[in-house]
Amino acid sequence: MANLSLQHLDKIYDNKVQAVYDFNLEVKDGEFIVLVGPSGCGKSTTLRMIAGLEDISAGRLLLDGMDITAAPAKDRDMAMVFQNYALYGHMTVYENMAFSLTLRKEDPNIIHKKVLAAAEILGLTDQLNKKPKQLSGGQRQRVAMGRAIVRSPKVFLFDEPLSNLDAKLRAATRREILLLHKRMKATMLYVTHDQTEALTLADRIVCMSMGHVQQVGTPLELYDTPANLFVASFIGLPPMNFFDVTVEKDCLRNANFTLPLTKTEQKLLLDHIGKVIVLGVRPENIAVGNTVTLKVTNNENLGMNTLVHGFLQNGAAITCKLRGWCDYQAGDSVQVDFAKRHFFDKETTNAIR
Ligand code: ADP
C-alpha cells in the first residue's frame with residue numbers, strides 16, 4: 001500500500017522565492033501521476049519536497065496516513081530516479097544496483113536475488129559486470145531504475161528521467177517505464193516538461209504554471225476539457241489555435257469569419273452575448289471545408305498528416321493538421337472548417353463550461 005496525501009504544500013526558498021503555492025493532491029495506491037509544466041513552474045521542487053530533499057515550508061505530507069512532513073529522506077521509503085542517472089562510475093552495474101541494499105546490510109543472498117530479478121525486468125542481465133561508462137545512455141537510465149527497483153520502495157519518484165536520451169530512445173524507454181508500472185503496480189510520481197510524456201504515461205496529470213496547479217485530471221480530461229487557456233495551450237502538439245471572437249445569439253463573429261453556433265453552444269454562451277471571448281481550436285480538429293479562409297505560409301509533411309501553417313486575413317496565425325499529404329504553396333488560399341471548439345473567458349482565462 002502507498003497512498004500519498006499532499007495537503008496545502010508551499011515552498012518558499014531561503015531567497016524568498018515562492019516556488020510552490022498550496023499544492024493539494026491525493027495519490028492513490030498504484031497510481032502513476034505526472035507533474036507537467038514549463039521549466040521553472042515548481043515541478044521538481046514539489047517532487048523534492050515529497051522525497052524529503054527539500055524542506056516543506058507549509059502544509060502536510062502523509063504516506064499511508066502517517067505524517068512524514070518532517071521525516072528525513074532516508075526514512076520515507078521512496079526511491080528517486082534522476083535525469084543525470086547519478087550512478088557511481090567506479091562501480092559495476094551490479095554494484096550500483098546492490099549499493100543501497102549493501103548499505104542497509106541486507107543478507108548478500110537476498111541482495112543477489114533482488115539484483116538479478118531487477119536486471120531481468122530491465123534487460124540488463126548481460127551488462128551486470130560493466131561499468132557505467134561502457135553503457136549507452138538508455139542502459140544507464142535503466143541501471144538508475146534498477147537501483148530504485150531493488151529497494152522495493154513504497155513510492156517511485158522520477159525527475160525528468162528521459163531528458164538526456166535521444167528521441168527514439170526516449171520513446172522506447174517511455175514504453176519500458178509504462179510496462180514497469182503495470183508490472184510492479186507501484187505508486188509513481190513523474191516530473192516532465194514534455195506534454196507527450198504526460199499524456200502517454202499518466203493515470204492522472206497535474207499541470208502546473210508558476211508554482212500553481214492549473215488542473216488535475218486524466219490525460220483525456222486535460223486534452224478534451226482543459227480548465228483554462230494555460231492548460232489548453234500546454235497540452236496538445238502542435239498547440240491549440242486561439243482567436244478572439246464576439247459572441248452573437250447564434251454565431252461567433254470576427255473580422256475573418258462567422259461561425260454558426262449549435263444549439264448546445266448557444267446555451268453555453270448565453271451569458272456572453274455581446275462579449276469578446278477566446279475561441280480555441282486544435283489543429284487536428286480543422287478540416288478542409290468552407291467557413292474560414294487562410295493564406296498558407298508553409299507546410300510540414302508528416303506522412304499521414306500535413307501541418308499547414310498560415311494566417312487569416314487579419315493576421316491571426318493558424319496551424320491546421322490536415323489528413324494526408326498536402327502540397328500547398330506559400331500564398332495559396334485554403335478554406336477550412338473548425339470541428340470541435342473550446343471557449344474561454346478572455347478576462348479570467350477559464351474555460352466556459
Ligand atoms: P521546474 O522543476 O518546474 O523546472 P523548479 O521546481 O526547479 O521548477 O523551480 C521552481 C522555481 O524555484 C524557479 O523559479 C526556480 O528558479 C526556483 N528555485 C529552484 N530551486 C531553488 C533554490 N535552491 N533556491 C532558490 N530558488 C530555487
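What follows is a short chat about reading strands, pockets and helix packing in a predicted model.

Trainee: What should I know before I start?

Mentor: This is a predicted model, where local features need pLDDT of at least 70 and side-chain atom pairs count only at pLDDT 80 or more, while totals for chains, interfaces and linings use all residues. Residues are numbered from 1 along each chain as its sequence is written, and side-chain values use heavy atoms, with hydrogens and water left out.

Trainee: Which strands form the open sheet, and in what order?

Mentor: Two ideas to begin with. Strands (E, at least two residues) and helices (H or I, at least four) are DSSP runs, numbered from the N terminus. Two strands pair if DSSP finds at least two bridges between them. Here, five strands make an open sheet in the order 13-12-11-14-19, with antiparallel pairing. Strand 13 (258-260) and strand 19 (342-345) are the edges, each pairing on one side only. Neighbouring strands of this sheet are turned by 40° against each other on average, direction ignored.

Trainee: How many bridges join strand 14 to strand 19?

Mentor: Four, and strand 14 (residues 276-281) runs antiparallel to strand 19. To find the spot, look for V278, which stands opposite F344 in strand 19.

Trainee: What does strand 4 pair with?

Mentor: Strand 4 (residues 58-63) is joined to strand 1 (residues 4-12) by five bridges, and the two run antiparallel. Among those pairs, Q7 has R60 in strand 4 as its partner. Strand 4 is also joined to strand 5 (residues 66-67), again antiparallel, by two bridges; L62 partners D67 there. Two residues lie between strands 4 and 5 in their hairpin, where D64 takes a positive phi near 50°.

Trainee: Now pockets. What lines the largest pocket?

Mentor: The general idea: on a 1 Å grid over the protein atoms alone, a pocket is an open set of points where a 1.4 Å probe fits, with protein on both sides within 12 Å along at least five of seven lines, and lining residues have an atom within 4 Å of a point. Grid points are joined across faces, edges and corners, and the volume is the space filled by probe spheres set on the points. The largest pocket here has a volume of about 710 Å³. Its lining has 22 residues, with M78, A79, M80, S100 and R151 nearest the centre. Strand 6 (78-81), helix 2 (93-103) and helix 4 (137-150) each supply at least two lining residues, and strand 6 gives the largest share, four.

Trainee: Which residues line the second largest pocket?

Mentor: Its lining includes D224, T225, P226, H342, F343 and F344. Strand 19 gives the most, with three residues, and the pocket holds about 180 Å³ of space.

Trainee: How do helix 4 and helix 5 pack?

Mentor: Axes are lines fitted to C-alpha atoms, for helices over the stretch in contact, and angles run from 0 to 180 degrees between N-to-C directions. The axes of helix 4 and helix 5 (residues 167-184) come within 11 Å and cross at roughly 20°. That makes helix 4 roughly parallel to helix 5; the label is for angles under 35 degrees, with over 145 roughly antiparallel, 65 to 115 roughly perpendicular and the rest oblique.

Trainee: And what about helix 2 and helix 3?

Mentor: Helix 2 packs on helix 3 (residues 108-122) at about 135°, with axes 10 Å apart. So helix 2 is oblique to helix 3.
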